[in-house]
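Please work through each task before reading its solution.

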Amino acid sequence: MTEKQVSNIRQFREDYIDFALQQGRIEMMPGVEAYLTNLSVDQRCAVCSSSPRKRGKRILQYLGLYEKMDFCLFVDDVERAKPDPLPYLKVLDHFQLTANQALAFEDSISGVQSAQAAKIEVIGVRHPLTRDFRSLCGEGHAISSFEELMGVHKV
């Protein structure tokens, strides 16, 4: 694939996301808002995204999540993207935490691999575009929605 073709595909994706936002077609995963609301005061929350900052911030603001995050890290903030552990290591560093003090939720294979490589416990969140994460995350570490999580993990 040529660089021009890759550029065209990326632009098509950005145009599609703009269109989906304008049409109200991007929705929050079920249970996310309730999960965030039920976090205790001392628990901090971050986004560690493979999206470029401009797109990621726009989507998070649209969903009303950007302001609820204590920290947001996007692909343009790191030298190496997921599945490299660097994005998660930077989030840990930001909060001055060790890996065993963190929990990651991931909806992509490269994200699961990134969190695991950073030695962070990870729960795979399935959605229509991803496969079953049980083989990658282990039994009990793959959920279909945050609603399911509310019954699994004590917040």
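The conventions come first, followed by the exercises with their solutions.

The model is predicted: local features need pLDDT of at least 70, side-chain atom pairs count only at pLDDT 80 or more, and totals for chains, interfaces and linings use all residues. Residues are numbered from 1 along each chain as its sequence is written, and side-chain values use heavy atoms, with hydrogens and water left out.

**Exercise 1.** Determine how many salt bridges the count comes to, and characterise the one between Arg55 and Glu14.

*Solution.* Step 1: apply the criterion, a side-chain nitrogen of Lys or Arg within 4 Å of a carboxyl oxygen of Asp or Glu. The count comes to seven salt bridges. Step 2: for Arg55 and Glu14, the closest N and O atoms are 2.7 Å apart. This pair links distant parts of the chain, since Arg55 lies in helix α3 (residues 53–63) and Glu14 in helix α1 (residues 3–22), 41 residues apart. Helices (H or I, at least four residues) and strands (E, at least two) are DSSP runs, numbered from the N terminus. Arg55, with 9%, is buried.

**Exercise 2.** Characterise the salt bridge between Glu33 and Lys68.

*Solution.* Step 1: the closest N and O atoms of Glu33 and Lys68 are 3.5 Å apart. Step 2: the pair links distant parts of the chain, 35 residues apart, with Glu33 in helix α2 (residues 32–37) and Lys68 in the loop between α3 and β2 (71–73). Step 3: Glu33 is partly exposed at 43% relative accessible area, and Lys68 is partly exposed at 40%.

**Exercise 3.** Identify which residues of helix α5 are buried and where they lie around its axis.

*Solution.* Step 1: in α5 (residues 109–117), the buried residues include Gly111, Val112, Ser114 and Ala115. Step 2: seen down the axis of α5, its buried residues fall within an arc of 160 degrees (taken from the directions from the helix axis to the C-beta atoms), so they line one face of the helix. Step 3: recall that an α-helix has 3.6 residues a turn, so residues three or four places apart point the same way. Step 4: continue past the helix to Lys119, which follows α5 and has a positive phi, near 70 degrees.

Technical notes: Buried < 20%, exposed > 50% of the residue type's maximum accessible area, 1.4 Å probe, protein only.
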